[in-house]
Amino acid sequence: MMLTAPGAGISILFAWLSPSYALYFHIGETEKKCFIEEIPDETMVIGKYRTQLWDKQMGSFLKATPGLGMHVEIKDPDTKIILSRQYGSEGRFTFTSHTSGDHQLCLHSNSTKMALFAGGKLRVHLDIQVGEHTNNYPEIAAKDKLTELQLRARQLLDQVEQIQKEQNYQQYREERFRMTSESTNQHVLWWSIAQTLILIVTGIWQLKHLKSFFEAKKLV
Amino acid sequence: MTSIATLPSAKMCSYHGTIRLFVQVLWAHLLCGWASGSELTFELPDNAKQCFYEDITVGTKCTLEFQVVTGGHYDVDCRLEDVDGTVLYKEMKKQYDSFTFTAAKNGTYKFCFSNEFSTFTHKTVYFDFQVGEDPPLFPNENRVTALTQMESACVSIHEALKSVIDYQTHFRLREGQGRSRAEDLNTRVAFWSIGEAFILLVVSISQVVLLRSFFSDRKTTMTRVGS
């Protein structure tokens, strides 16, 4: 059974109206929370969050707080900032990696209070989807008009593509590991030889120098 | 003329179709709301504890898997509590574990990672918390007929590929551990070798200088004794 274009439209509408990001955690008002995503290159990452502020009077978290925003900063493996934007209390950010490695996603609120005085607590609901989990299959089915079997085949293709990318990344990492081990081996070899030479040369120099010194002092 | 006569019935049909579509999509989203998976890697500073919460409905099968990626002896304390605070899972100084449970109550479940036993090493922890099954690919309300052979083959391939991806993730984390150790070793060997060579030179030169200073003071006394 295929979802038609209006169905896809309503689906997208619902995706915006009913945020059901399940996992949440608490952070201080001025605290910065970072997450690491180790991903191969050309991988898409979609992050969705929702924040709630603790209300001391009510003793619970407020439903929505206007003016409360979160600053999202994403750094690539070379610590270059690829995304640095301010969003509202509810937001969605997307990025595609261009280099494989550890990407760092950092979130902190736009609270201007000083760290000492800001005793507030924030509840952050977060959902990060990576790679083939970012694909919205009902949408793809509607756009490309696929039958159920074709859609399943497309999902399997996406999964296999992700596995392939990960294997490529694994090859690159293994090469780096091997180069590091080779470099350690070279270091140990050459520096041991160098240290032995230094030891012998300084030993010989010491003896010669002291011999000439004592001869000069007429002690020998 | 016939087109005007058929207009109201056509309108009724399309209206009914839209309602069905609406209900179908709503159902899909309700299902999506009940099944989710969160996979996160975060840094846990020394003497710190980080807790995560999730609202789970009764009867949902959940799995918590965690692995320590970098830091110290690669161990962390993990604790999973249910709605009333009853501890469902508690392990101290574990490197890697996987725990499956079925939610017995509705409400907020909490799991915490603690690095409080460590004085100066901060750890990077990876966890994967799966709640419920994956949402179905199609919000198909008339799924009374069994899957065809092709479809069930696709489903089993999908499940197998999911476990491949899971194994790959764990392999990548293990390999990451080994690689960061190797890089640490390389840096340490480089610095210490240079340091040692330098110390060697400094010590041998200062030995000679010190020895010379002993004899230059006693020179007068020695000559006096000698003569």
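Residues 189–215 of chain B form a span that is 100% helix and 0% strand, with its end C-alpha atoms 39 Å apart. Helices here are DSSP runs of H or I with at least four residues, strands are E runs of at least two, and both are numbered from the N terminus. An unreviewed UniProt entry lists this span as "transmembrane region"; such annotations may be inferred rather than shown by experiment.

This is a predicted model, in which local features need pLDDT of at least 70 and side-chain atom pairs count only at pLDDT 80 or more. Residues are numbered from 1 along each chain as its sequence is written, and side-chain values use heavy atoms.

Now for the charged side chains. Over all chains, the structure has 17 salt bridges, each a side-chain nitrogen of Lys or Arg within 4 Å of a carboxyl oxygen of Asp or Glu. Among them are these:

| Pair | N to O distance |
|---|---|
| Glu38(A) and Arg179(B) | 3.6 Å |
| Glu166(A) and Arg172(B) | 2.7 Å |
| Arg173(A) and Glu175(B) | 2.7 Å |

Glu38(A) sits in strand 2 of chain A and Arg179(B) in helix 2 of chain B, so this pair joins two chains. Is Arg173(A) buried or exposed? Arg173(A) counts as buried because its relative accessibility is 1%, where buried means under 20% relative accessible area, exposed over 50% and partly exposed in between (1.4 Å probe, protein chains only). Glu175(B) is buried too, at 9%. Salt bridges that share partners join Glu38(A), Glu166(A), Arg173(A), Arg172(B), Glu175(B) and Arg179(B) into one network.

Leu197(A), in helix 3 of chain A, counts as exposed because its relative accessibility is 51%.

Technical notes. Chains are lettered from A and ligands numbered from 1 in the order in which they are written.
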